[in-house]
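Subject: Structure for your review

Dear colleague,

Please find below the structure that I am handing over to you. My findings follow it.

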Amino acid sequence: MSDPGITGVVGTVAAICTTGAFIPQIFKIRKQGGEDLSYSMLAVYLVGVLLWLVYGLMFHAPAVIWANVVAFILVATSLVLKLSWKEFAGTGRSGKRRPRVAVDMDEVIADSLTRHLSLYNRATGENVTPELIREKGLEASIPPKHRAVFERLPHEGGFFDDLSVIVNSQHALQLLSSKYDVFITSAAMEVPHSFDAKFRWLQKHFPFIPTSNIVFCGDKEIIDADYLIDDRSRHFARFRGTGILFAAPHNARELAHLRANNWDEVLAILLKRQSAAAIQQSAKSNINTEAQELASN
Ligand SMILES: [Mg+2]
């Protein structure tokens, strides 16, 4: 271990690791504001880096000097970014928009399964029910010989006309609209001819949702919302917010981080979270006001 070559390499790699550790943190602060990063930790770290710098200068240790100069710049940058992000949030430049909820259509607000099974049973003479799908799963409920029929049905004209509304979804979205920006997000590209019917259906049953908040898309990864309520968990894979799996027969056996069996449960989750966020925000602004009052006295 006394080989100066090895010692030098170990020291250099160690300096690069401990110094560079702040680079990903800086990217995260730029993106999310660094709310979870403590000011006191940053301040103490900065003092430590400065003391190491003094130490390096006193003992003429170039590796210690350059490593701590770089570390000082990175930690100071983190501190400035965290402070400035907070200012931007206060002036509405970021982080101040209303929270957004993205809501899927089929099996979440529109009951397409009842029509799908009715048409399928009529076409094949089978008797597949939601209960059967819940019990056996969709794959096992549709025999391979009828799978093509099952998959073709949504592509036939009229499939999406006049679908029933999922129980309590209108009332729930009206309530949520007072607290959140609500967007309807349907992966309608899977059935491109459904656009017109889906749009008409929304105008009829959810007229309070502005047309600007209707998003027909392919990959739901592009949706910039805080919550996505969907019956297909695959849409949560790359979604950056929180997915709420809306219960449907085909997902009955899926384990989900957050699951709602109906719209009452969605309201319970989202309104509770909104209240908690409002209380937290109110507490923060009270602390800021008190701090300002103390400073002015
Ligand atoms: Mg769906």
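In this predicted model, helix H3 is hardly covered, with one buried residue among its 20. Helix H3 comprises residues 39-58 and reaches 29 Å from its first C-alpha to its last, close to the 28 Å expected at 1.5 Å a residue. After H3 comes His-60, which has a positive phi, near 50°.

The next point is the sheet. Six strands form an open sheet in the order E5-E4-E1-E6-E7-E8, and their pairing is parallel. Strand E5 (214-216) and strand E8 (259-260) stand at the edges; each has a single partner strand, so one side of each is left without a neighbour in the sheet. Strand E7 (residues 242-246) runs parallel to E8 and is joined to E8 by two bridges. Phe-246 has Ala-260 in E8 as its bridge partner.

Which residues have the most contacts inside the largest nonpolar core? They are Val-101, Val-103, Tyr-227 and Ile-229, in a core of 37 residues. At least two residues of this core come from each of strand E1 (100-103), helix H5 (112-124), helix H9 (169-177), strand E4 (181-186), strand E6 (227-230), E7 and helix H11 (263-296). Leaving aside residues up to four places away in sequence, Val-101 touches several residues, among them Leu-176, Val-182, Tyr-227, Ile-229 and Leu-270. In soluble globular proteins, nonpolar side chains tend to be buried together.

Yours sincerely,
A colleague

Note on methods:
Residues numbered from 1 in each chain as written. Predicted model: local features only at pLDDT ≥ 70, side-chain atom pairs only at ≥ 80, totals over all residues. Helix = DSSP H or I, 4+ residues; strand = E, 2+ residues; numbered from the N terminus. Expected span 1.5 Å × (residues − 1). Buried ≥ 20, exposed ≤ 12 C-beta atoms within 10 Å, placed from the backbone. Pairing = 2+ DSSP bridges. Core = buried A, V, L, I, M, F, W, Y, C linked by C-beta atoms within 7 Å. Contact = placed C-beta atoms within 7 Å.
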